[in-house]
Amino acid sequence: MRIYKNFINNDWVGAISGKTFPVDNPATEEVFAEVSRSGTRDIDAAVVAAGSAFNGWRLTDPGSRREILKEIAKKTVEHGDEVAKLITQECGKPFVEAQDEIDVIASNFEYYAELGRDQIGRIVAPTSSRSMSLVKYEPYGVVGCIIPWNFPMALMAWKVAPALAAGNTVVLKPSEVTPVSILKWAEMTCDSLPSGVLNIVNGYGKEAGSPLVEHPDVPVVAFTGSIATGTIISQLAAKNLKKVSLELGGKDPVIICADCDIEVAAKGAAWGGFMNAGQVCTSVERVYVFDEVADSFTEALVEEAKKVNIGDPMDANTDMGPMASSVQYEKAHEKVGLAVEQGARLLTGGGRPEVFDKGYFYAPTVFDNMTAEMELMNEEAFSPVVPIQKVKSLEEAIEFSNATKYGLGCSIYTKDIELAMTAADDIKAGSFWINNPLSENNAAPFGGMKMSGQGRELGIEGLDEFREPKHILIDYRQEKKDWWFPYGSDGE
Ligand code: NAD
């Protein structure tokens, strides 16, 4: 069995303790790799490497940085299938979705390669003649990145590409559930980076993640994960007043209006709810359907759920693989049990399909008879479970949509522009999709409002998370100014 090590200073090194942890395949439950189990001393070594590389990378001209990042994008495509196979092996998502992640990484590195070269500041109107005020955006230094397992590669790229493009160096801690694809990717693509610019340290959250967040030489922490961990990270970082960006959980509503095309809405809700076994931060977590179309929509969604092809994620015909881990499976099952206890009506799914005797497979699950106070309408399920609640009007749908602590994304299906744009204006969410759920754009910001996060990824906003402005005032003439001492007339 292969042992994967940490990547520090462009070298592969084991954890100082010599320890490793296992990574399993959620479709077979078999352990297929061991990975270095790191702690504080490994993080220290990586931060020293990144700190030493910072000045060289910061002063590398943006054109050369662009070439290096584009080279990474090119190699990512060349080795895409090999890395995608590992994503599927450790995360359980269908190979086609893993290939899509490869495209996301490549296009993201391409995008930030160009954006980082494009501009590093602006000139603002000066306050006196014969002078100039420059605003220059500078990198912070060593950026600590901590990511989850549901999109192990894409979420890496969304942080690492802009951080590097802005001139920072990086220490990355992947999720302990899915570290292997990232390590393979680094092996295949990162030889064009100068030594120490990107470092990858593996391990568990408390053992390896916390020391990275607390490290005095890491001024910025970029995190994606749960609200619970985001809160801990925010508290740890506050001790040193670090800048933190947080991409956290969601409970995305989908509003099904009376005028919508039911077939399209049901297919969209099924894809949005069951893609990656529902383990998407912006997946369909709750449906508010107008009374008039509730029965027809519910029936159509149940039909779609039953059609989802569950199986070996490497099979090209598979729509949905297993959940990523036994922990996720257990959490999902517990929430489904609670929903039944609270009076929700289970229409399909609700457990492991009988054909599987191993693997963390969970059948696409649909509930109706939901009411606003039930836990499944309020807390993230992060599983292939879609609960449906009826609403009387758009006003009611907006009120319920805004009633949780989350504010990540929201979708609506309607042909009525007034309904769509009123909801877009009035619902607190970082992304709002009209008739086209879960669609990202490299050039548009992504992130959460309320407790779903702070800061944004993607777009120019995603680059700005990793650079800070400096005002430089240039006075063309070296002469005493009227407003200096002495203030009194005696000094004249
Ligand atoms: P998690 O919070 O358990 O773990 C995320 C990462 O944090 C892992 O690398 C983990 O090792 C690390 N970690 C855990 N405890 C830590 C600690 N005390 N100090 C430092 N690091 C620590 O989340 P998860 O289960 O991996 O991911 C699922 C969550 O991520 C869901 O809530 C989902 O909505 C969210 N998510 C959000 C987005 C977004 O962009 N908003 C995207 C994907 C996933």
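Analyst: Start with the polar contact: a pair of N or O atoms within 3.5 Å; within protein, one must be able to donate a hydrogen and the other to accept it, and residues adjacent in sequence count only if both atoms are side-chain atoms. Here, a polar side-chain atom of Glu380 sits 2.5 Å from a ligand oxygen atom. The ligand also has an oxygen atom 2.7 Å from a side-chain N or O atom of Glu176. At Leu248, a polar backbone atom lies 2.7 Å from a ligand nitrogen atom.

User: How much of the ligand's 860 Å² does the protein bury?

Analyst: Accessible areas use the Shrake-Rupley method with a 1.4 Å probe. The protein buries 90% of the 860 Å² that the ligand exposes when taken alone.

User: What should I know about the model itself?

Analyst: It is predicted: local features need pLDDT of at least 70, side-chain atom pairs count only at pLDDT 80 or more, and totals for chains, interfaces and linings use all residues. Numbering runs from 1 along each chain as its sequence is written, and side-chain values use heavy atoms, without hydrogens or water.

User: Is Thr298 buried or exposed?

Analyst: Buried means under 20% relative accessible area, exposed over 50%, partly exposed in between (1.4 Å probe, protein chains only). Thr298 has 10%, so it is buried.

User: Which residues does Thr298 contact, leaving aside neighbours within four places in sequence?

Analyst: Contact means heavy atoms within 4.5 Å. With those neighbours left aside, Thr298 touches Leu347, Asp368 and Ile388. Its side chain also reaches the backbone oxygen of Ala294 at 2.6 Å.
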